[in-house]
Amino acid sequence: KAVVSTQSTGAPLSKTSRIWTSQKHCLRLLFGDKEAFLNKFRTAARARPIANQLLGEEFYTREHTKPLFHQHDILTLKNLYTYHTYMEICKVLKLRDPITIFEQFSISKRKQTLLIQPTPANNFVSRSAKIWNLVTPKLKISDYSYKIGTVKNHLKKLLLKLQNSNDPVTWSSNDFDIEKLKSL
């Protein structure tokens, strides 16, 4: 089971853990091993020989979802939050629209793609400025002449790389920690 910080999704763990569980459940239903799933419910003697009626630990173990996320290039809930937050701030900074949100950000005078982070707070401006400053150097964005579609593609590839950079079977908090992008 993955450990998720409140900071990574901007919502309390008690709220996101149920959605995360649902996302994994849906992936198992859509792309999981159908035969193994159906076999769990064949418990009658006619469906399963008597020698196979003793059910071990593996019978009750759910299929791992990390290989399914990797195989189908699907971002997890936590990485989707990072993706959509980054894309929103990207559009706000590039298009300067809506102006009321754009004016909330302080852009560095020495480097135009660096945001001066406000005092840490649990709001969109603070969280998105942190995400922007961590991800932008990895995407090699040096000005605002980029195409939004290109940024989307590169960001998704970067987040998938982060998501798949650790153990190929089990989830860990490092799979969602955008601070780890520096080392990729």
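Trainee: How many aromatic pairs does the count come to, and which class, stacked, tilted or edge-to-face, describes W20 and F69?
Mentor: The count comes to 8 aromatic pairs. The ring centres of W20 and F69 are 5.9 Å apart, and their planes meet at 35°. Planes under 30 degrees apart would count as stacked and over 60 as edge-to-face, so the pair of W20 and F69 is tilted.

Trainee: How many residues apart are W20 and F69, the two members of that pair?
Mentor: W20 belongs to helix α2 (residues 13-31), whereas F69 belongs to helix α5 (residues 66-71). The pair thus links distant parts of the chain, with a separation of 49 residues.

Trainee: Is W20 buried or exposed, and is F69 buried or exposed?
Mentor: Buried means under 20% relative accessible area. W20 has a relative accessibility of 4% and therefore falls in that class. F69 has a relative accessibility of 0%, so F69 too counts as buried.

Trainee: Which class describes the ring pair of W20 and F176?
Mentor: The centres of the W20 and F176 rings are 5.8 Å apart. Their planes stand at 80°, and an angle over 60 degrees decides the class. The pair of W20 and F176 is therefore edge-to-face.

Trainee: How far apart in sequence are the parts that W20 and F176 tie together?
Mentor: F176 is buried, because its relative accessible area is 4%. W20 lies in helix α2, while F176 lies in the segment after α9 (148-163). The pair therefore ties together parts whose separation in sequence is 156 residues.

Trainee: Which backbone atom lies 2.9 Å from a polar atom of the side chain of Q23?
Mentor: Q23 is found in helix α2 and is buried, since its relative accessible area is 16%. Leaving aside residues up to four places away in sequence, Q23 touches F69, I74, L75, T76, L77 and L80. Its side chain reaches the backbone oxygen of L75 at 3.1 Å. The atom at 2.9 Å from a polar atom of the Q23 side chain is the backbone nitrogen of L77.

Trainee: With which residue does the side chain of R127 make a polar contact?
Mentor: R127 is placed in helix α8 (residues 124-139). With a relative accessible area of 18%, under the limit of 20%, R127 is buried. At 2.7 Å, its side chain makes a polar contact with the side chain of Y81.

Trainee: Is K140 buried or exposed?
Mentor: K140 is placed in the loop between α8 and α9. A relative accessible area over 50% counts as exposed. The value for K140 is 74%, so K140 is exposed.

Trainee: What share of the contacts between residues at least 6 apart in sequence join residues at least 24 apart?
Mentor: The chain has 9 helices and 2 strands, in the pattern α-α-α-α-α-α-α-β-β-α-α along the sequence. Of its 184 residues, 33% are buried. Among contacts between residues at least 6 apart in sequence, the share that joins residues at least 24 apart is 60%.

Trainee: Which of the elements of the chain has the lowest mean pLDDT?
Mentor: The average pLDDT of the chain is 86, and 84% of the residues score at least 70. The highest mean among the elements, 96, belongs to α9. Over residues 1-7 the pLDDT is below 50, and where pLDDT is low, the predicted coordinates should not be read in detail. The element with the lowest mean pLDDT, at 50, is helix α1.

Key
Residues numbered from 1 in each chain as written. Heavy atoms only, no water. Helix = DSSP H or I, 4+ residues; strand = E, 2+ residues; numbered from the N terminus. Buried < 20%, exposed > 50% of the residue type's maximum accessible area, 1.4 Å probe, protein only. Polar contact = N/O pair within 3.5 Å; in protein donor to acceptor, adjacent residues only side chain to side chain. Contact = heavy atoms within 4.5 Å. Phe/Tyr/Trp six-rings, centres within 6.5 Å; stacked < 30°, edge-to-face > 60°. pLDDT = per-residue confidence, 0-100.
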